[in-house]
Amino acid sequence: MNVLVIGSGAVGSFYGSLLAKQGAKVSMVARSDYVHVKAHGIDITSDTKLGAYHFRPQTVVRNAAELTEKPDYVLLCIKVVENADRIGLLKDAVGPDTSIVLVSNGIDIEDEIAKAFPDNELISGLAFICVTRTAPGKIWHQAYGRLALGNYPQGLSKKTLALCRVFEQSGITCVASEDIVAARWQKCVWNAPFSPLSVLSAGLSTNDILSTQESFVRAIMEEVCLIAKATGHPLPEDTVDKNIESTYKMPPYKTSMLLDFEAGRPMETEAILGNAVRAGWNAGVPIPHLESVYALMKLRELSRRTG
């Protein structure tokens, strides 16, 4: 299995390392970490049974055009933020038989890629994980790691199932989803409250947010479930309760949106919140809590640009 990972951050490094441990030929496009990763590889420290180990990609390049062969799979592990040129990053990586795998948060993030590469299989993926890049080439895996993968807009191909099997063999759970859009709504149930509230609260952990504002968190989650149902992707009735329960069990965790805010990087406000809000409007679903959090995040972004 020949795999190219685009993005040497926490998610790309972690999941790329798991494929490499199972014998896949894993190369990596690295940008800010290029010099370190090319020279030293990547150290993964996991608080789970995976333990600590070292990952050295077979090839490390600044741009996919430097590669001599096209991969079977290209994993695009970057955040869907303003000015992220996903098509530009993919264009030199994709061959006629390359499957494009998107491992990113957000709602309705696939259409742009599907239109740009209509002849390539598109696999949409979600990572349910606590993982952080602590320094160049240093990844800290705190908890979880489950993946959900499925063909977009629906279904499961042989290549998708094969990729799921390799991830399963690496020691994590990888769910093969016939309805990956529903899985995206399921991830949004968690992201919609905790990602923005971690920023708006000036850096509180998920545990602090939930232990003091559980009713507000629940209200946001329930609104996301209503949108999912109205758009034809109903979620299990216990979705909110399970998300609340699992978050209480998590170690105190800084969301990736909070880390981006603290570092002055663009945030996934539109991918996670804006697209969900617009889907709610189009479906005629009342979503006052979600609308309020989205509005406050847009003001937070404005204040950072003008402050």
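**Notebook: rings, a helix and a buried threonine**

I started at Phe 128, where Lys 187 lies over the face of the ring, 5.3 Å from the ring centre. I noted that this is a predicted model. Then I looked for other charges at this ring. The charged end of Arg 146 also sits over Phe 128, and here the distance to the ring centre is 4.1 Å.

**Entry: ring pairs**

Next I looked up ring against ring. How many aromatic pairs does a search of the whole structure find? I got three. One of them joins Tyr 15 and Phe 167. Their centres are 5.9 Å apart, with 85° between the planes, and the pair is edge-to-face. I then checked where the two rings sit in the chain. Tyr 15 belongs to helix H1 and Phe 167 to helix H5. They are 152 residues apart, and the pair links distant parts of the chain.

Are these two residues buried or exposed? The cut-off for buried is under 20% relative accessible area. Tyr 15 has 1%, so I wrote it down as buried.

I moved on to Trp 190 and Phe 194. Their ring centres lie 4.9 Å apart and their planes meet at 35°, so I logged this pair as tilted. Both residues are in helix H6, residues 180–200. They are four residues apart, which means about one helical turn separates them. Trp 190 is buried at 12% relative accessible area. Phe 194 is buried too, at 0%.

I also found a cluster: ring pairs link Phe 14, Tyr 15 and Phe 167.

**Entry: helix H5**

Which residues of H5 are buried? I listed Thr 160, Ala 162, Leu 163, Cys 164, Val 166 and Phe 167. Then I looked at what covers them. The cover includes helix H1 and strands S6, S7, S8, S9 and S10. Just after H5, I noticed that Gly 171 has a positive phi of about 110°.

**Entry: Thr 255**

Last, I looked up Thr 255. Where is it found? It lies in the loop between helix H9 and helix H10. A polar atom of its side chain is 3.1 Å from the backbone nitrogen of Leu 258. Beyond its neighbours within four places in sequence, Thr 255 is in contact with Trp 190, Phe 194, Ser 195, Ser 198 and Thr 206. Trp 190 and Phe 194 are the tilted pair I had logged above.

Definitions and conventions. Residues are numbered from 1 along each chain as its sequence is written. This is a predicted model: local features need pLDDT of at least 70, side-chain atom pairs count only at pLDDT 80 or more; totals for chains, interfaces and linings use all residues. Side-chain values use heavy atoms; hydrogens and water are left out. Buried means under 20% relative accessible area, exposed over 50%, partly exposed in between (1.4 Å probe, protein chains only). Helices (H or I, at least four residues) and strands (E, at least two) are DSSP runs, numbered from the N terminus. Contact means heavy atoms within 4.5 Å. A polar contact is a pair of N or O atoms within 3.5 Å; within protein, one must be able to donate a hydrogen and the other to accept it, and residues adjacent in sequence count only if both atoms are side-chain atoms. Rings of Phe, Tyr and Trp (its six-membered ring) pair if their centres lie within 6.5 Å; planes under 30 degrees apart count as stacked, over 60 as edge-to-face and the rest as tilted. A charge sits over a ring if NZ of Lys or CZ of Arg is within 6 Å of the ring centre and within 35 degrees of the ring normal.
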